[in-house]
Amino acid sequence: MGIKRRHCAWAAPLALALLAATGCESTPDARAKPTAVPSTSVARVCAQPAAGPAKPPAGAVTVDPAVAGDLAAKTKSSPRNTTFWLRPGKHRLESDRYAQVIPKEGDRYLGAPGAVLDGRKKNQYAFGGTARDVTIRYLTVRGFVAPHDEGVVNHDSADGWVIEHTTIRNNSGAGLMAGARQRVRASCLRDNGQYGMNAYKAKGRISGLVVEGNEIVGNNTGDWERRREGCGCTGGIKFWAVDGADIRGNWVHDNRGTGLWADTNNNDFRIENNVLEANDGAALIYETSYNAVIRKNTIRRNNWVEGRRYADRGDTFPYPTIYLSESGGEPRIRARTDNIEIYRNVLENNWSGITLWENADRFCNSPANTSSGDCTLLVKDTGRCAQPAIATAPLYADCRWKTQRVDIHKNRFVLDRSVVDCTGKCDRMAVLANYGTYPDWSPYQGERVAEAITRKQHNRWHDNVYLGPWKFVAHDPSRILDSWQWQGTPYQQDAGSTFRARDGG
């Protein structure tokens, strides 16, 4: 199992430079020190894990850490809906690399205080199989070596699993996979090699996903974006084709790369009341996806490492902290909202702010579509997106993911360049596209997409507060505006907003 397709939020042909530009001097490989506990009320799970039951519940099967493979063997010999209580100590599987626990439907696994399931860098997977409605609580899972793009817990993306008060740390690959109706609550996803969680299902879509009150920290220890440049294969959590997700009350911090990344045909997300801070890259990427509410989040000190890195390369793209790439509201796709609404967030001392981007050369059947083989949710037959039909309605609109119907309001944007250690170009808010050139049969060549995203697709900033020396980019990377130009004709953005230019307010 694994994701073989190449994904990237900013990839484009003809060597387009689409990443952050700054004038700051920096050390590209420097990483911020782990953050202190935030002042905002938030999940502090890793340092203060909840303790499991000290005695086995009535009727539970007791698992002995002194017997290698005891958990897997007793799971196999017990009926479904069995509760297993793991005694304190280090539990092991058999030494075979594929040895793992295969739960039955409704099985429940409870760890006593100090119960650890240790893969010892020998076993690839901890819990797998397709059984539904499995519960894991109060257990530490560590030391497993899942391959790239695969996961340790719920390896096969079974549906209805509940992961609560669980620590999943120091594993290769993804600490956790996801299935439909999965609940991940009050858990620590820490220092895993690729993802804290990979919300990917090989067959079918994931729906009804809840990620609540977790601490997601230090993931992508393998630094995969450098090992496979442009792979788009990392994040504290990565979401693929998830239809309905509630991401709330989490502390997502100090991950190498992006904090939360929704990539390819996700829909109906609510991302609220989280603290996203000190991630090396963007706090949030929402890419080729639809319909979301992003509200009441505290977002601070993100993108310092990647922003500086691309600055040193001389890129002119406003690489942001919240990045909407070919994503927007679409009323024809059922969701709890028909737009993307970003409101009542506090963004403080990040490397740039919010960028709305659309790659004119990225659409169904285009070689520039890094979501290889995927098409929009509006076109089921990808082959229809070809000449001559693609040049006419409805395919002209439906064959491309569009950044449209984005409403950004009542947010507070704070920038003190002395805190960020930046002398310029870390201060951007942007709505833009590239000049369409590729492929030669594309109906989107020229400035058509840039004109549409900037002036015709109902993307709107209003009633925000800006503290600090903010600048604005519209249409293309060369058009850098002050607040008066941004509010004036033809852009007419940020009506009702206030601006105070001195650093940090």
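**A walk from a cavity to the rings**

Let's start inside: this predicted model holds one cavity of 30 Å³ or more. On a 1 Å grid over the protein atoms alone, a cavity is a set of points where a 1.4 Å probe fits but cannot get out. The largest cavity has about 70 Å³ of space, a volume being the space filled by probe spheres set on the points. Which residues line the largest cavity? Among them are Tyr290, Glu330, Asp398, Arg400 and Trp401, where lining means having an atom within 4 Å of a point. By class, this lining has four nonpolar, four polar and four charged residues; Asp, Glu, Lys and Arg count as charged, Ala, Val, Leu, Ile, Met, Phe, Trp, Tyr, Cys and Pro as nonpolar, and the others, Gly among them, as polar.

Now look for the aromatic rings. Rings of Phe, Tyr and Trp (its six-membered ring) pair if their centres lie within 6.5 Å, and the count comes to 20 aromatic pairs. One aromatic cluster is formed by Phe413, Trp461, Tyr466, Trp470, Phe472, Trp486 and Phe499.

Charges can sit over rings too: NZ of Lys or CZ of Arg must be within 6 Å of the ring centre and within 35 degrees of the ring normal. Arg227 lies over the face of Trp224, 3.8 Å from the ring centre, while the charged end of Lys238 is 3.9 Å from the centre of the Trp261 ring.

A note on reading these values: residues are numbered from 1 along each chain as its sequence is written, and side-chain values use heavy atoms, leaving out hydrogens and water. Local features need pLDDT of at least 70, side-chain atom pairs count only at pLDDT 80 or more, and totals for chains, interfaces and linings use all residues.

Methods
Phe/Tyr/Trp six-rings, centres within 6.5 Å; stacked < 30°, edge-to-face > 60°. 1 Å grid on protein atoms, 1.4 Å probe; cavity = no way out; pocket = protein on both sides within 12 Å on 5 of 7 lines; lining within 4 Å.
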